[in-house]
Structure formats: C-alpha cells, structure tokens
Amino acid sequence: MAALPVLALLLLLAWGGPRAAGQKRKEMVLSEKVNQLMEWASKRSVIRMNGDKFRRLVKAPPRNYSVIVMFTALQPHRQCVVCKQADEEYQILANSWRYSSAFTNKIFFAMVDFDEGSDVFQMLNMNSAPTFINFPAKGKPKRGDTYELQVRGFAAEQLARWVADRTDVNIRVIRPPNYAGPLMLGLLLAVIGGLVYLRGSNLDFLYNKTGWAFAALCFVLAMTSGQMWNHIRGPPYAHKNPHTGQVNYIHGSSQAQFVAETHIVLLFNGGVTLGMVLLHEAATSDMDVGKRKIMCIAGIGLVVVFFSWLLSVFRSKYHGYPYRYVFA
C-alpha cells in the first residue's frame, strides 16, 4: 500500500514533465514573436509582411497580441488610388499609436501588399483592396473584425474608433500640422482687407444683396450635397472594380457615398436651383414678353432634366423606390 503514493507521484511527474516543457516552449516562442514585432515596430509603425511573416506572426499560435492588418495594392501598375489614400490615413493612425505614451505590445499595425503576399490574399479568399482586418489575440477574426470601409470611410479617426471597439485600445489620432487652412484664411482676409482699403470711400459692395445671396446659396448647396459627411467620414473619391476595371461614382448603398457622388448631386441641385431662379425672373421681371418666354422655357427644362437625374440617383441608392421622372 505504501507504494501507491510513490506510484501516483511518479505518474504525476511523468505527465506534468512534458506538459510543463510544452508550456515553457510556447512561452519562449511567444516571447520571440513579441520581441520581433517590437523590434520592427520601433523602426516602422506599419510592419510590412509577406506570406511567411503573416503565417508565422499573425495566423500561427501562440499569440497574446492583436494585429490590425491592411490588405492593399500600392504598386503603381495596380492603379489603386483609394489604396494610396487609405494608406496615408493608416500611417497616421499607426504613428499616433507608436509615438503615444500608452504604446504597448498589446496591438500592432501591419500591411500585406498584394504583390508581396498574393498567397495571403488567396488563403483568405480576398478579392478587393484596401481591406482592414483585426486578428484578435485569441481565436479567429469574427464578422465585426473586418472593417466596413464603404460605410465608415478610411479616415484615421474612424479607424481608431473601430480599433477601440475591437481591441479596447484607445488611440488619440495626432495629425501632422497642416498649414493650408490658416494660409487660405490669411489670404482671404488679405483680399478682403485690400478691397476695403482700395474702396474705402465706397463700401456699397458690402451691402450687395445679390452677392451675399449667391455666397449663401453656394454654402447651402455644398452642405445639402454631403460635403460635411465627406469631411467627417473621409470616403474615397470613387470605386474601381479590380476585376472589371469599371469605376463607380455613385455608391450603391443609402448608408454611404463617394466624394464624386457629392459633386454630382451638387451639380444637379445647382441645375434645379438655376431653373427655379429663371422661372422666378420670367414671372417678375420687366423684360419684353419674348425674353420672358425664353427664360420660362429654359427654367422648366433645367428643373425637369436635373430633377429627373437627381431622382435617378435616389432610385439607385434606395432600391425598390417605385417612382421616376422622365429618366429611369
């Protein structure tokens, strides 16, 4: 009977020895991977990866860190304008994290270019770029770990919110100083100051109702066409299908838009507005009847054509909308 405790102890040692050795080996591998990533991150905020690095450092366990990976195609012959714009914002986000006081090895930013890691694209069944995916510290990426680029846009601030939601790491985005805004404001003030100085004896132009009305109308048209949405979300100018090469200027969803779409809607709204102004002038001006008829016909034509195009854009975004006007 006395041999039973000794036998149990020997079995425990025989079982626990390999297990402890395996655990120690995992810790050593994990330490090597973290040290390697920290070394690369100290040199470049966004770590460039090929297929081998991606499989070893991102896909293969063990891993106690998250990796945000941008899958892109930056080579000039790929002609991916959106990829270059998204890369600029991604670099700003990664630099904001790398040079912040809260920087740790909890999260890393990486990039896989198609020409350097096409096997990774094939492995993940990925056929579009740019695409952002969060590879969490534990388990496989879930649905929410793929960034909704078409909905949110690729602005660094939007990416930071998504990163905080997926990893609980809050990154304060710090952009490099941009002096274009202050310079333009200074130039505008200089022009206004020069006009006031040159026409100091005659400031009637400041009371010109037509000028103020035109400026206000331009501002209203810009805002109603979605310029503020573009400023907040930072969407791409347009989208080019990587397979067919077709360029889409109108986003197919009612939850997003392209910058080009804003310009198109602005033009259509401006055409409708100009038609209404012509109709008003035709009804109230003191010109002869012939000119007023011409203005009336031109105004009706502008309203009909541009409003029909505007409704066509609405129909393309809100699928199933039953009504149309002139153009389908």
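**The largest cavity and its surroundings**

Guide: Let's start with the lining of the largest cavity, to which helix H3 (81-98) and strand S3 (107-113) each contribute at least two residues. Helices (H or I, at least four residues) and strands (E, at least two) are DSSP runs numbered from the N terminus. Please keep in mind that this is a predicted model, in which local features need pLDDT of at least 70 and side-chain atom pairs count only at pLDDT 80 or more, while totals for chains, interfaces and linings use all residues. Residues are numbered from 1 along each chain as its sequence is written, and side-chain values use heavy atoms, with hydrogens and water left out.

A cavity here is a set of points, on a 1 Å grid over the protein atoms alone, where a 1.4 Å probe fits but cannot get out; lining residues have an atom within 4 Å of a point. Grid points are joined across faces, edges and corners, and the volume is the space filled by probe spheres set on them. The count is one cavity of 30 Å³ or more, and the largest cavity holds about 40 Å³.

Its lining is made of Ala 41, Ser 45, Ala 94, Trp 97, Arg 98, Phe 103, Ile 107, Phe 108 and Phe 109. Sorted by class, that is seven nonpolar residues, one polar and one charged. In this scheme Ala, Val, Leu, Ile, Met, Phe, Trp, Tyr, Cys and Pro are nonpolar, Asp, Glu, Lys and Arg are charged, and the others, Gly among them, are polar.

Most residues other than glycine have a negative phi, and most peptide bonds are trans. Gln 79 is exposed because its relative accessibility is 55%; exposed means over 50%, buried under 20%, and partly exposed in between (1.4 Å probe, protein chains only). In the loop between H4 and S4 sits Asn 125, also a non-glycine with a positive phi of about 55°, and at 68% relative accessibility Asn 125 is exposed too. That loop between H4 and strand S4 (131-135) holds Pro 130 as well, and the peptide bond joining Ala 129 and Pro 130 is cis, with omega about 0°. Another cis bond runs from Pro 61 to Pro 62, with Pro 62 in the loop between H2 and strand S2 (66-72).

Now for the charged pairs. Side chains of opposite charge can pair when their charged atoms come close. With a salt bridge taken as a side-chain nitrogen of Lys or Arg within 4 Å of a carboxyl oxygen of Asp or Glu, the model has nine. One of them joins Arg 55 and Asp 119, at 3.0 Å from N to O. This pair ties together distant parts of the chain, with Arg 55 in helix H2 (residues 51-59) and Asp 119 in helix H4 (residues 118-123), 64 residues apart. Arg 55 is partly exposed, at 36% relative accessible area, and so is Asp 119, at 29%. Salt bridges also form a network of Glu 89, Glu 157 and Arg 175.

Further along, Lys 317 meets Glu 261 at 3.1 Å, N to O. Here the link runs between helix H11 (residues 289-317), with Lys 317, and helix H10, with Glu 261, 56 residues apart. Both Lys 317 and Glu 261 are buried.

Notes
1 Å grid on protein atoms, 1.4 Å probe; cavity = no way out; pocket = protein on both sides within 12 Å on 5 of 7 lines; lining within 4 Å.
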